[in-house]
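This report covers a chain-to-chain contact and some helix packing. The sequence and structure come first.

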Amino acid sequence: MSKFKYLKNLLIRGKSHLTLGFLLVTLLLFPLLVKSQFITRVVINILIYIVLASSMNIINGFGGMFSIGHAGFYCVGAYTAAILSTRFGWSFWILLPLSGVMAGIVSFLLLGFPALRLRGLYFAMVTLGFSEVIRLIVLNWITLTRGPMGIPGIPFPTFFGNSIIYNWQFYYIILGIVVLMLFIIRRVLNSRIGRAWISIREDETAASAMGVEVFRYRLMNLFFATFWAGVAGCFYAFYARYISADSFTLDEGFSILAMVIVGGQGSFIGPILGSILLLTLTEIFRGIAQYRLIVFGLAILIVMHLRPGGIASIKLSNIQEIKQKLSVRQDK
Amino acid sequence: MFYLQQIINGISQGSIYALTAVGYAIILGIVNIPSFVHGDVMMVGAFAGYYSVLLFPHNILLVFIIVFAASWFLGIIVDMVCYKRFRNSPRQVMLICTVGFSIFLKSSAQVTFGTQQKLIPNILGTNFFALGEIRITYVQIFIVSVVIFTVFLLQILLFRTKIGLSVRAVSMHKRASALVGINVNQAMKFGTCLGCALGGIAGILLGIYYNAVHPLMGGNAAMKAFISVIFGGINIPGAALGGLLLGIFENMGVAFFGSGYRDIIGYVILIVVLLIKPSGLLGRKENEIKI
């Protein structure tokens, strides 16, 4: 019997590995199969948002905090990369981790104290405020960021002496970033740190009674998540070659949040599904440009009405229901 | 003199913020999440006002009644789409529904009304009182008096009628008010509609103040209302005080630092208040929102 179970497990695991491998091969061969520039650009866009949504999911889904202002840290990453590359000619490959670290440090300084003091929606409002403050500072600090004119002419990144110009080359870079990020997130979530985050999310008091240093792990969580937002910002700056503060408004933060929640907060695969669904839907309606955002809004509403827990997380909503039945505390 | 003028401008702008903030505070008290659709409710109210001004240019009262009715009706839809089904779901579901509905309304308005701004015909003229160097325009006086009158009516509605009592009870404690026989669903719907209707009136006032309406006018104003509510506290006097103070601070700030920093002032106030006294100036500890 146990032998049979073992075989069955092996088969299931083998099957999931096979699917994963198949998916990876398809993604690797994608530029060879699809020659359309438009589709390649759409896929690159989706991959950028997968980085953003997955990293936001680390805060909202696993850290038990509620952040709305992810666009602010995306902005910090993008501007770090743009300024250092246009003024000092730093290389893309150094700036990629550096702008991540920069975004992390900014989140550390700005959100560290609020993370200590505030919970729930109040924390969310502070992140929202900081996101807008960052954008407005970028808009007004003209000597550093050129303000409303934006920063044009970001140089092409080079790879062993060859300039990276074509969309398919950018595609491979962002694919690499996504795969690396998903791998690292997976490993971190299965480590002591990830378990500490989840225990804080489930019950802060119990977690601190078990010896989890809540504040320290919160800060780690924020740093880790905003690091990836900064990386995405750096990639975006080099890919678009022009950035301005208009790309990082609150609406941008709301779109990322929508992808996280529509996909399913607190599940690993959720934000990926959410960003694929929402962006594909809006790109299908690209032809009738004005209706694109209407479709975006409608898609959010429809998914939320059909499945309030998000596409991927049936389990999470069950847990929430049980929690609500058990605790009287939550009721106001 | 210059600063006195700034304070007067601040009061007239702050009174619009205050009216929006009062509506926002009612909704925030009832559903316990910040509603991001409020700015678009204001926008719809302003457009309803714009078209009814074109239809009835000499009857301002009728214009306000039409705006009130239109945004009340929109409130019913907002309640149906964003709040009603999700009262027992996690809070972020409601929040993202308001975001989705806001995107939907904003872009539908851009499609139907066009992206250009529309000029509201000047009903009150450009006359002003001059006291020395200080100018007080008729529009400013009109706006302040409309706001005072509306808040006065609201006070009667909330404190002298049965449905007002139930709205206040529901915003304090849902389960307890259900226990004493209040129809919670109905009271929540009524509160949402009332908040939206006040938002619509604030929207047309904003349109009159700036002489123009356009589909994206609401977002910034709703953020200001939200900041005022947090600043003053989640209750009606608090929201009104927060709105007025925010208007004055902003105009003083523009006088000191220049107009690029107008929006930063509001957000800095938001962050500082949340870090020092999250319940707001007039808020009580037990009125804080829990997630």
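The sections below go through the model, the contact between the chains, and selected helices.

## Model and conventions

This is a predicted model, in which local features need pLDDT of at least 70 and side-chain atom pairs count only at pLDDT 80 or more, while totals for chains, interfaces and linings use all residues. Residues are numbered from 1 along each chain as its sequence is written, and chains are lettered from A and ligands numbered from 1 in the order in which they are written.

Helices (H or I, at least four residues) and strands (E, at least two) are DSSP runs, numbered from the N terminus.

## Contact between chains A and B

Chain A contributes 37 residues to the contact and chain B contributes 40 residues; two residues are in contact if their C-beta atoms, placed from the backbone, lie within 7 Å. On the side of chain A that touches chain B, the elements giving two or more residues are helix 4 (92-117), helix 5 (120-140), helix 11 (250-263), helix 13 (292-306) and helix 14 (314-326) of chain A. Helix 5 of chain A gives the most, with 11 residues.

By class, this side of chain A has 24 nonpolar, nine polar and four charged residues. Here Ala, Val, Leu, Ile, Met, Phe, Trp, Tyr, Cys and Pro count as nonpolar, Asp, Glu, Lys and Arg as charged, and the others, Gly among them, as polar.

In helix 11 of chain A, 13 of the 14 residues are buried, so the helix is largely enclosed by the rest of the structure. A residue is buried if 20 or more other C-beta atoms lie within 10 Å of its own, exposed if 12 or fewer, and partly exposed in between, with C-beta atoms placed from the backbone. A:Gly264, with a positive phi near 130 degrees, follows helix 11 of chain A.

The axes of helix 12 (residues 270-284) of chain A and helix 13 of chain A come within 8 Å and cross at roughly 150 degrees. Axes are lines fitted to C-alpha atoms, for helices over the stretch in contact, and angles run from 0 to 180 degrees between N-to-C directions. The two helices are therefore roughly antiparallel; angles under 35 degrees count as roughly parallel, over 145 as roughly antiparallel, 65 to 115 as roughly perpendicular and the rest as oblique. A:Leu278, A:Leu281 and A:Thr282 of helix 12 of chain A meet A:Arg292, A:Val295, A:Phe296 and A:Ala299 of helix 13 of chain A. This contact has five nonpolar, one polar and one charged residues.

## Helix 5 of chain B

Buried residues in helix 5 (residues 138-160) of chain B include B:Val139, B:Ile143, B:Val147 and B:Leu154. The buried residues of this helix pack against helix 1 (2-31), strand 3 (134-137) and helix 8 (184-210) of chain B.

## Helix 9 of chain B and its partners

Helix 9 (residues 218-232) and helix 11 (residues 262-276) of chain B pack at an angle of about 30 degrees, with their axes 9 Å apart, and are therefore roughly parallel. Their contact is made by B:Lys224, B:Ile227, B:Ile230 and B:Phe231 of helix 9 of chain B and B:Gly266, B:Ile269, B:Leu270, B:Val273 and B:Leu274 of helix 11 of chain B.

Helix 2 (residues 38-55) of chain B packs with helix 9 of chain B at an angle of about 125 degrees, with their axes 7 Å apart. These two helices are therefore oblique to each other. The contact residues include B:His38 and B:Met42 of helix 2 of chain B, and B:Gly218 and B:Ala222 of helix 9 of chain B. They divide by class into five nonpolar, four polar and one charged.

Methods:
Expected span 1.5 Å × (residues − 1).
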